[in-house]
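Visitor: I would like a short tour of this structure. Could you take my questions one at a time?

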Amino acid sequence: MKSAKLPQHIAIVMDGNGRWAQKRHMPRLAGHKRGVDALKVVIQACLGHGIPVLTVFAFSSENWSRPTGEVSGLLELLNVALRRELAALHDRGIRLRFLGSQHGLAPELCAVLRDAEQLTHANQAMVLNICFNYGGRWDIVDAAARLAAAGTPITEMSMNAALSLAPCPDPDLLIRTGDEYRLSNFLLWQCAYSELYFSSVLWPDFDAAALDLALEAYASRERRFGRTTQSSASSAVPA
Ligand code: IPE
Ligand code: IPE
Ligand code: MG
């Protein structure tokens with residue numbers, strides 16, 4: 001695949017863990033655990049392709065409404081998986097960032113997340129943004145509130161800089177697995193011009209081959225950003 005046609009930033013709504021487990025008569029949490037394995041495979045595949053930024057949706061603002069056992073299981077899984085995988089991620093030159101609200105998270109978990117960010121801060125191979133306790137509306141309101149409190153005029157540029165994804169560029173490609181066709185409050189501002197790709201594969205089954213299909217679809221898209229063709233530029237209207 002031509003590198004010019006590779007997305008520089010892939011965002012993924014990792015959906016379908018619960019159904020994957022239910023189909024096998026396993027508890028939903030078993031699906032979430034297998035979801036972590038799938039993430040490891042996809043991280044490795046993205047590294048192999050030289051994709052600079054990968055952003056994944058792991059727990060939404062709305063996921064607090066799930067049964068308490070599932071919520072506490074997901075919080076625990078983040079903690080356990082991070083402790084288990086951190087050294088290997090660091091060795092591979094991955095910079096970890098956690099995007100989302102700290103509200104509702106235990107201070108000890110927040111400290112683990114901040115420590116992982118600090119440890120991997122200078123890594124250059126790939127940025128991995130893990131959106132946990134994240135919602136696109138929260139992100140926009142939080143950014144706007146901070147700008148307003150600082151007396152900074154709210155412009156597209158100041159909002160871009162204040163949103164949690166900054167300084168990463170907007171995603172070029174947004175993948176959602178699990179046969180659902182919605183954003184579910186993920187990166188609402190930042191996906192304004194992302195190419196959308198929906199896969200019926202349940203997240204625990206998503207692998208390098210499934211990623212390649214998404215990359216092929218992306219490579220075939222014409223991104224016009226409001227122009228009439230991919231390359232045309234008009235001077236009639238200011239940018
Ligand atoms: C996605 O899988 C992971 C989280 C939302 C935490 P789901 O748990 O939503 O799986 P389905 O959609 O019920 O199959
Ligand atoms: C979106 O999946 C959130 C994550 C993948 C973390 P959901 O399963 O929570 O989304 P809905 O409820 O189907 O919209
Ligand atoms: Mg789901």
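Visitor: Which pocket is the space taken by ligand 2?

Guide: This is a predicted model. A molecule counts as sitting in a pocket if more than half of its atoms lie within 2 Å of the pocket's grid points. Ligand 2 takes up such a space, and that space is the largest pocket.

Visitor: Where does ligand 1 sit?

Guide: The same test is applied to ligand 1: more than half of its atoms must lie within 2 Å of the grid points. Ligand 1 sits in the largest pocket.

Visitor: Which strand gives the largest share of the shell around ligand 2?

Guide: The residues around ligand 2 include Phe57, Ala58 and Phe59. Strand β2 covers residues 53–60 and supplies three residues of this shell.

Visitor: Which side chain has an N or O atom 2.6 Å from an oxygen atom of ligand 2?

Guide: Polar contacts are counted within 3.5 Å. The side chain of Arg176 has an N or O atom 3.3 Å from a ligand 2 oxygen. For Asn63 the value is 2.9 Å. The side chain at 2.6 Å belongs to Ser184.

Visitor: How much of ligand 2 does the protein bury?

Guide: Start with ligand 2 taken alone: it exposes 390 Å².

Visitor: How many charged residues are in the shell around ligand 2?

Guide: Sort the shell of ligand 2 by class. Five residues are nonpolar and two are polar. Arg and Asp count as charged. The charged residues number four.

Visitor: Which helix gives the most to the shell around ligand 1?

Guide: Helices α1 (17–23), α2 (28–49) and α3 (68–91) each supply at least two residues of that shell. One helix gives the most, with three residues: α1.

Visitor: Which residue has a polar side-chain atom 2.7 Å from an oxygen atom of ligand 1?

Guide: Some contacts of ligand 1 use the backbone. A polar backbone atom of Gly16 is 3.4 Å from a ligand 1 oxygen. A backbone N or O atom of Gly18 lies 2.9 Å from one. The side-chain contact at 2.7 Å comes from Arg66.

Visitor: What share of ligand 1 does the protein bury?

Guide: Alone, ligand 1 exposes 380 Å². Of that area, the protein buries 87%.

Conventions. Residues numbered from 1 in each chain as written. Chains lettered and ligands numbered in written order. Predicted model: local features only at pLDDT ≥ 70, side-chain atom pairs only at ≥ 80, totals over all residues. Heavy atoms only, no water. Polar contact = N/O pair within 3.5 Å; in protein donor to acceptor, adjacent residues only side chain to side chain. Areas by Shrake-Rupley, 256 points an atom, 1.4 Å probe, with all protein chains shown as cover. 1 Å grid on protein atoms, 1.4 Å probe; cavity = no way out; pocket = protein on both sides within 12 Å on 5 of 7 lines; lining within 4 Å. Helix = DSSP H or I, 4+ residues; strand = E, 2+ residues; numbered from the N terminus. Near = heavy atom within 4 Å.
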